[in-house]
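Colleague: Could we go through this model together, taking one feature at a time?

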Amino acid sequence: MWGIFLFCLALDGQAEPLTVAPGQQSVSLAPHLRLLEDRDGSLTFDELRHAAEGLRPWNEKSANFGYTSSTYWVAFTLRNPSGQALPLLIRQDYPLIDFLEFWEPREGGGWRHVATGDRRPFSSRPLALREFVFPVTLPPASERTYYMRFATQGAMNIGLSVSSEVSLISHLTLEQFLLGVYYGGFLVLVIYNLLLFLAVRDRAYGFYMGYALSYSLYFGALNGVSFQFVWPDNPWLANESLLVLLGLSIIFGIQFARTICSGRQLAPRVDRVAGLLLYLTIALTVIAPFVGYRLMVTTLTVQALLASVLMLILGAVSLWRGSIPARYFMVGWATFLASIIVYVLKTFGWLPHNPYTHNAFQVAALIEMVLLSLALGARVREIRRRGFTDELSGLCNRRFFEQRLPREFSQVNRSGSPLSLLFMDLDHFKAINDRYGHARGDEAIRAVGQLILQQTRRPVVACRYGGEEFAVLLPQTNAAQAEVLAGRLLQKVKELGLFDLPMTISIGVATYDGHNFDSAMQLFDAADRALYRAKQQGRDRVQMSLAGAEALGLS
């Protein structure tokens, strides 16, 4: 029994070598790793080799340990049973490792040592790629053990794999294509919304462009693209830019959310909290390059999660209170928040590091940007609608009516269908203001406006023309149908019962039947004259237009 127990302990102390073959496809080394955590980072390579029993088999599908101050030593063994030498590439897929060292046994003895990492110049890498790739050659019928040392102030993600040169080249070709599409998508969104910003001059577009631009640049730093192409000789700037760009992304994201969701008007309490978080993020972003990297990257990561949750609450409140842009915002932000949670859990070591957890929030960010762009479009439509809406009555305003009437007239003139117009005026409205006050007068305007909305449906256009006057445009409606609607409105106004004195309305009706008016203005003048006659004949009545000549003042 003791012999079996000791044999099991011996097996537990070994990790199975990985057998490779010609044309080797990419395969993860995680299950074949032996790891040692060096808590104070003092262990040297020679000491490690003499204390190799400290390396323990990992036997897991991934090796990520979150934010840690420990240094990690890694060993793995590759076996080549074939009769030919195999050129292979060892790849570390997470590029944000500060100090990364690699030891390969030489043919005649000794070791080849490579010291690189994103705290060292980009030229220290064996291959000029955004990730760390170490070329090795495995002799025929041989077995070799390789060692690596990982030390970083950021997240400790050990993502090692091995493949043949041909396999990696094909993978990199696809990867570069997808990165081009990804960043191209961001660029298209920024340019498209820049053009809209120049046309609309709405600050929400400015915040959106800042958010999209800073986030795309942040992903460039996160993926190692910036270090490779922008500042390969400045490791400090490559690392600190990640913090600053993350902070800017949070800042612009908060401001965009507050603007697109009309936070100050629809969710003032949440908006005030968002404002405080904004100022805190600005302060953290300013001091980030001058404070310890590990402290700032941890703080900003938590800050990003808090901001995402807060913006989701802001969007929910705005949506509940009727904001149309908040619909698109909520879908996009919820998608992005889910991916942020996955990435944060991976960063802190609570989820495995793999292509899905590493790239999920980057893909979700692009989807979010598209949906937020749609939210901007909805905001422009809402702004335009507000520009044509009378806030008191809820109806369209005079400016909208004056633009819509000629268009409707021109359309029915071509189609030959009728077009009717009701022009209405509340009776004795001045007496209501004088007796009950202007607040009750506003209440009367509001009540009549809601009544008109309830009694009409599209394509009817109901407007407050000004003061106590209302206009209702009725496409494809003849005189008899218009008179029925006018009579119903007349009766409904009397039934409102807002005041001790009965509230009534006078209505003038004019109908274009294809030949009786030459212009939209003549149709309007005819309805106005009919309303004037209704007032003269005692008010509280419907008066139909007599003829087209009346509009010209000939009757």
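Colleague: Which residue does the side chain of glutamate 175 meet in a salt bridge?

Modeller: This is a predicted model, in which local features need pLDDT of at least 70 and side-chain atom pairs count only at pLDDT 80 or more, while totals for chains, interfaces and linings use all residues. Residues are numbered from 1 along each chain as its sequence is written, and side-chain values use heavy atoms, with hydrogens and water left out. A salt bridge requires a side-chain nitrogen of Lys or Arg within 4 Å of a carboxyl oxygen of Asp or Glu, and at 3.0 Å, N to O, the partner of glutamate 175 is arginine 91.

Colleague: How many residues apart in sequence are the parts that this pair ties together?

Modeller: Helices (H or I, at least four residues) and strands (E, at least two) are DSSP runs, numbered from the N terminus. Because glutamate 175 lies in helix 3 (residues 165–200) and arginine 91 in strand 7 (residues 86–92), the separation is 84 residues.

Colleague: How is helix 12 oriented towards helix 16, parallel or perpendicular?

Modeller: With axes as lines fitted to C-alpha atoms over the stretch in contact, and angles running from 0 to 180 degrees between N-to-C directions, helix 12 (residues 398–415) and helix 16 (residues 520–536) pack at about 115 degrees, their axes 9 Å apart. Angles under 35 degrees count as roughly parallel, over 145 as roughly antiparallel, 65 to 115 as roughly perpendicular and the rest as oblique, so helix 12 is to helix 16 roughly perpendicular.

Colleague: Which residues of helix 16 make the contact?

Modeller: Contact means heavy atoms within 4.5 Å. Helix 12 brings Phe401, Leu405, Pro406 and Phe409, and helix 16 brings Ala520, Leu523 and Phe524.
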